[in-house]
Amino acid sequence: MADKHKPAPMVDEVSDFEVLEVAVRELAIEKGLFSAEDHRRFAEFAHSIGPLPAARLVAKSWLDPEFKKLALEDGFTASKEVGIDWLNPTGFGTPSDYCDLRVLENTPSVHHVVVCTLCSCYPRPILGHSPEWYRTPNYRRRLVRWPRQVLSEFGLQIPSDVEVRVEDSNQKCRFMVMPMRPEGTEDWSEDQLAEIVTRDCMLGVALPHPDRKADDKRPVHKAANPVHGH
Amino acid sequence: MSRGHHAEKATGKGDPQCFRGEAPAPKFKVGDRVRIRDLPDIFYTRCQVYTRGAEGVVAVVTHESPAPEDEAWDNVDEPEWFYIVRFKQKELWPEYPDVYENDTLQTEFSERWLESA
């Protein structure tokens with residue numbers, strides 16, 4: 001009888017890495033390397049960043065050839081013009097990120113796509129947290145070897161006369177893709193252009209489209225078995 | 001407690017910028033043909049197995065930094081140059097379809113992993 005009153009476990013499984021993270025964090029706090037408050041602040045900061053500054057960087061580059069040149073030559077400096085300083089808030093890099101951003105320019109003959117086969121290198125200061133699929137062994141293992149098949153699973157077919165160039169991000173450089181400006185966006189403002197440069201376009205698994213925005217309304221699916229009266 | 005020596009070195013500059021000027025002159029330049037060496041990597045490496053022995057072309061000379069095989073053990077005294085190398089996919093994966101022979105893959109190496117090809 002008593003067993004029935006035991007609380008159910010809150011999670012089914014805790015991975016080794018989660019245990020390691022907690023252990024290292026608690027040790028660091030005990031040794032005074034940083035405080036629990038510092039940790040909370042960094043976590044809150046890390047979760048508040050997203051892909052909008054990178055979209056802005058691409059939109060600006062489409063409109064301003066001088067800025068585009070800067071973005072391709074020196075991503076670190078170009079980031080500052082869209083409000084991202086890779087050194088902040090720690091003074092030596094956003095938590096756990098390096099400061100060498102490389103922008104990969106798509107052209108009519110080359111399409112870039114980014115992966116990190118080692119684990120999850122990602123330009124977080126300017127793109128936010130990586131999507132869950134980016135960190136899966138499935139994407140990491142298969143993209144380097146069967147890139148066109150993986151891209152087609154994302155719904156992206158690249159013509160055979162276009163070179164697909166996989167960038168395996170494995171050292172201190174961080175990569176984002178600068179897609180080509182789509183047709184049908186002539187006379188658009190920077191704000192309008194930034195809206196169609198979604199996260200996936202800057203990883204290279206999608207192309208921007210004038211009718212698709214990051215904040216489009218999602219389709220609503222009615223519940224199959226609705227609870228009556230609610 | 002004071003911050004680690006890494007944080008002190010990188011503050012206000014960033015990493016890898018804080019290692020600028022510390023490596024000997026780069027041995028390779030953009031356009032050089034290189035082969036990836038198959039060095040031992042008992043403890044830690046960032047050199048993927050699928051590139052070992054493959055030949056490619058230096059696409060970018062990126063920056064100076066300690067090699068990850070050293071930096072993982074806090075040996076940061078001998079930074080070296082890093083290179084993004086471009087491979088033909090066919091060179092990495094023999095079964096890669098001929099119809100996509102132009103497809104490429106780029107990844108980055110510290111200088112110790114490269115030899116002239």
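**Figure 1. Order of elements in chain A.** From the N terminus on, the elements of chain A follow the order α-α-α-α-α-β-β-α-α-α-β-β-α-α. This amounts to ten helices and four strands. The model shown here and in the other views is predicted. The C-alpha trace of chain A spans about 70 × 55 × 40 Å along its principal axes. Chain A has 230 residues, and 34% of them count as buried. Among the contacts in chain A with a separation of 6 or more, 68% are between residues 24 or more positions apart.

**Figure 2. Crossing of helix 3 and helix 4 of chain A.** Helix 3 (residues 52–63) and helix 4 (residues 65–73) of chain A have axes that come within 6 Å and cross at roughly 130°. Helix 3 of chain A and helix 4 of chain A are therefore oblique to each other. The crossing in which helix 3 of chain A passes helix 4 of chain A is left-handed. Helix 3 of chain A contributes Leu57(A), Lys60(A) and Ser61(A) to the contact, and helix 4 of chain A contributes Phe67(A), Lys68(A) and Ala71(A). Sorted by class, three residues of this contact between helix 3 and helix 4 of chain A are nonpolar, one is polar and two are charged.

**Figure 3. Surroundings of Gly93(A).** Gly93(A) lies in the loop of chain A between helix 5 (75–80) and strand 1 (100–105). Gly93(A) counts as buried because 24 C-beta neighbours lie inside 10 Å, where 20 or more are required. Apart from neighbours within four places in sequence, Gly93(A) is in contact with Trp86(A), Leu87(A), Tyr98(A) and Cys99(A) of chain A, and with Ala10(B), Gly14(B) and Asp15(B) of chain B. Trp188(A) is 95 residues from Gly93(A) in sequence, with a C-alpha to C-alpha separation of 34 Å.

**Figure 4. Contact between chain A and chain B.** The contact takes 28 residues from chain A and 26 residues from chain B. On the side of chain B that touches chain A, at least two residues each come from helix 1 (5–10), strand 2 (55–65) and strand 4 (104–110) of chain B. Strand 4 of chain B gives the most to this side, with five residues. The residues on the side of chain B that touches chain A comprise ten nonpolar, twelve polar and four charged.

**Figure 5. The sheet formed by strands of chain A and chain B.** Seven strands form an open sheet with mixed pairing, in the order 2(A)-3(A)-4(B)-3(B)-2(B)-1(B)-5(B). At the edges stand strand 2 (110–115) of chain A and strand 5 (114–116) of chain B; each has a single partner strand, so one side of each is left without a neighbour in the sheet. Neighbouring strands of this sheet are turned by 40° against each other on average, direction ignored. Helix 7 (residues 137–145) of chain A packs on the sheet, where it touches strand 2 and strand 3 of chain A as well as strand 4 of chain B. The direction of helix 7 of chain A makes about 150° with that of strand 2 of chain A.

**Figure 6. Two strand pairings within the sheet.** Strand 3 (residues 163–168) of chain A pairs with strand 4 of chain B in the parallel sense, over four bridges. Opposite Asp168(A) stands Thr107(B), in strand 4 of chain B. Strand 1 (residues 33–36) of chain B pairs with strand 5 of chain B in the antiparallel sense, over three bridges. Here Ile36(B) has Leu114(B) of strand 5 of chain B as its bridge partner.

Technical notes: Residues numbered from 1 in each chain as written. Chains lettered and ligands numbered in written order. Predicted model: local features only at pLDDT ≥ 70, side-chain atom pairs only at ≥ 80, totals over all residues. Buried ≥ 20, exposed ≤ 12 C-beta atoms within 10 Å, placed from the backbone. Contact = placed C-beta atoms within 7 Å. Nonpolar A, V, L, I, M, F, W, Y, C, P; charged D, E, K, R; others polar. Pairing = 2+ DSSP bridges. Axes fitted to C-alpha atoms, helices over the stretch in contact; angles between N-to-C directions. Parallel < 35°, antiparallel > 145°, perpendicular 65-115°, else oblique. Left-handed = near helix turned anticlockwise from the far one by under 90°.
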